[in-house]
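Thanks for coming. I will go through some salt bridges, then the cores, then the pockets. Please have a look at the model first.

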Amino acid sequence: MSDKLIKVIVVDDETRALNRMKILLSNFADIEVLGLFDKSEDALGAILRHEPNLVLMDIEMPGKSGLELAEDINKNSLNTKIIFISAHEHYAIKAIKNQAFDYLLKPVNIDELKASFERYKSHLLSNLSKREFEIIRLIGKGMNSKTIGENLFISRHTVDTYRRAILEKTGCKNAAELISYATRNNLI
């Protein structure tokens with residue numbers, strides 16, 4: 001994921017909180033902020049359009065709450081993970097039930113945010129199967145699908161299917177991006 005930016009949308013009705021989060025996020029070279037929104041309704045449109053990797057959002061907001069926005073995101077089967085950021089601990093259970101990836105208390109400090117992003121990256125890597133790791137390693141050695149298939153005793157077509165799945169899971173567009181991603185994440 002290091003070579004591929006983590007795309008983020010931030011939703012909070014408090015301007016001060018949005019500005020603080022923007023400053024914090026500017027410290028991460030692998031984070032691309034797609035938008036900062038103070039209204040959950042506006043944020044939902046952007047989330048559906050851009051399908052970010054992460055949405056960092058408050059829970060208590062006028063109109064649609066962060067929990068309701070999370071339900072909308074989940075209903076649309078997006079691969080977007082949600083990190084709730086709240087001044088209140090008592091929403092944590094509801095957030096977990098809404099498939100929260102993480103729950104941070106305000107004011108968020110940079111170390112908590114960094115730890116959350118590291119967990120996200122680890123989560124992405126854990127989604128790869130043993131066979132997918134093998135194929136990534138062989139791609140890193142410069143092998144094409146036919147040669148990989150011969151080495152693993154599977155068809156070229158099966159290797160191509162794995163390659164497509166690997167690209168989708170890692171968010172890479174091609175083999176070159178994948179090799180860079182794999183190198184940075186110590187996969188090869």
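Let me start with Arg156 and Asp160, which both lie in helix 8, four residues apart, or about one turn of the helix. Helices here are DSSP runs of H or I with at least four residues, strands are runs of E with at least two, and both are numbered from the N terminus. The side chains of Arg156 and Asp160 form a salt bridge, 2.7 Å from N to O. By salt bridge I mean a side-chain nitrogen of Lys or Arg within 4 Å of a carboxyl oxygen of Asp or Glu. Asp160 is buried at 19% relative accessible area, while Arg156 is partly exposed at 48%. Buried is under 20% relative accessible area, exposed is over 50%, and partly exposed is in between, with a 1.4 Å probe and protein chains only.

A word on the source: this is a predicted model, where local features need pLDDT of at least 70 and side-chain atom pairs count only at pLDDT 80 or more, while totals for chains, interfaces and linings use all residues. Residues are numbered from 1 along each chain as its sequence is written, and side-chain values use heavy atoms, leaving out hydrogens and water.

Back to the salt bridges: the whole structure has 13. One of them joins Lys64 and Asp72 at 2.5 Å, N to O. Asp72 is buried at 12%, and Lys64 is partly exposed at 24%.

Now the cores. A nonpolar core is a set of buried Ala, Val, Leu, Ile, Met, Phe, Trp, Tyr and Cys residues joined through side-chain atoms within 4.5 Å. The largest one has 34 residues, and Val8, Met21, Leu25, Leu56 and Leu113 touch the most other members. Helix 5 contributes the most to this core, five residues. A second, separate core has 21 residues, including Val11, Ala70, Leu78 and Phe84.

Last, the pockets. A pocket is an open set of points on a 1 Å grid over the protein atoms alone, where a 1.4 Å probe fits, with protein on both sides within 12 Å along at least five of seven lines; lining residues have an atom within 4 Å of a point. What lines the largest pocket? There are 19 residues, with Asn53, Asn79, Glu168, Lys169 and Gly171 nearest its centre. Helix 5 (110-126) and helix 8 (156-170) each supply at least two residues of that lining. So helix 8, where we began with Arg156 and Asp160, is also part of the lining of the largest pocket.
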